[in-house]
Amino acid sequence: MKEKARTYNLSDYSDFKSLYRDFWKKLYAICYSKTSNKEASEDMVQDIFISLWNRRNKLVITSSIEHYLIKSAKLKVIDYYRIQSSAKENNLLECNLCEHPEFDKEFLQQNEALYQFLEQDVELIVSDLPCQCQKVYRLSREEQMSTTEIADNLNISPKTVKNHLTKALGLIRKNIPSFYAITLLHHLL
């Protein structure tokens, strides 16, 4: 049985301190695992909690507080890479070094972090799909099976396969922030 998540009153200072104690290590681990930068990771976690405290009276969190904080950490990492990328790109442009091989390596590393976040979010959504819909999605996307192959494998009609895929992809599109797509497009252009 799933343990009920603790609720926190963000306006109560002692509750807020408990929230900080309960989640700072997890948020730091997320930030550090993606940046390998101790100081930047500490700053990111601090910024998350400062922002949360400053907006505590007008903030509406529709998911669990843990989910909200994890998303915040991911967005902080993306911001970190965006700032790093912009600074490096400006330096390289000033020095006419855009053709330098290190530029491509940095670009790929930053996109890899974004891709990992996107992949994790898609996996969370897929794991919440109904069983048959999840099977169809995984066979299509992970096993590269055609609609006909999936239908034969699961003993369902090709139309049912298409319906499951439409449902799964619709939920993914609905739940994945367009921020990822915009950020990835920005880096690709």
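The model is predicted, so I kept local features to pLDDT of at least 70 and side-chain atom pairs to pLDDT 80 or more, while totals for chains, interfaces and linings use all residues. Residues are numbered from 1 along each chain as its sequence is written, and side-chain values use heavy atoms, with hydrogens and water left out.

Lys38 forms a salt bridge with Glu42, with 3.7 Å between the closest N and O atoms; the term asks for a side-chain nitrogen of Lys or Arg within 4 Å of a carboxyl oxygen of Asp or Glu. I found Lys38 partly exposed at 46% relative accessible area and Glu42 partly exposed at 37% (buried is under 20%, exposed over 50%, partly exposed in between, with a 1.4 Å probe and protein chains only).

I then searched the whole structure and found three salt bridges. In one of them, Asp47 and Lys76 meet at 4.0 Å, N to O, and this pair links distant parts of the chain, Asp47 in helix 2 and Lys76 in helix 3, 29 residues apart. Another joins Lys26 to Glu66, with the closest N and O atoms 2.3 Å apart; Lys26 sits in helix 1 (residues 13-35) and Glu66 in helix 3, 40 residues apart.

Returning to helix 2, I noted that Ala40, Ser41, Met44, Val45, Ile48, Phe49 and Leu52 are buried.

Note on methods
Helix = DSSP H or I, 4+ residues; strand = E, 2+ residues; numbered from the N terminus.
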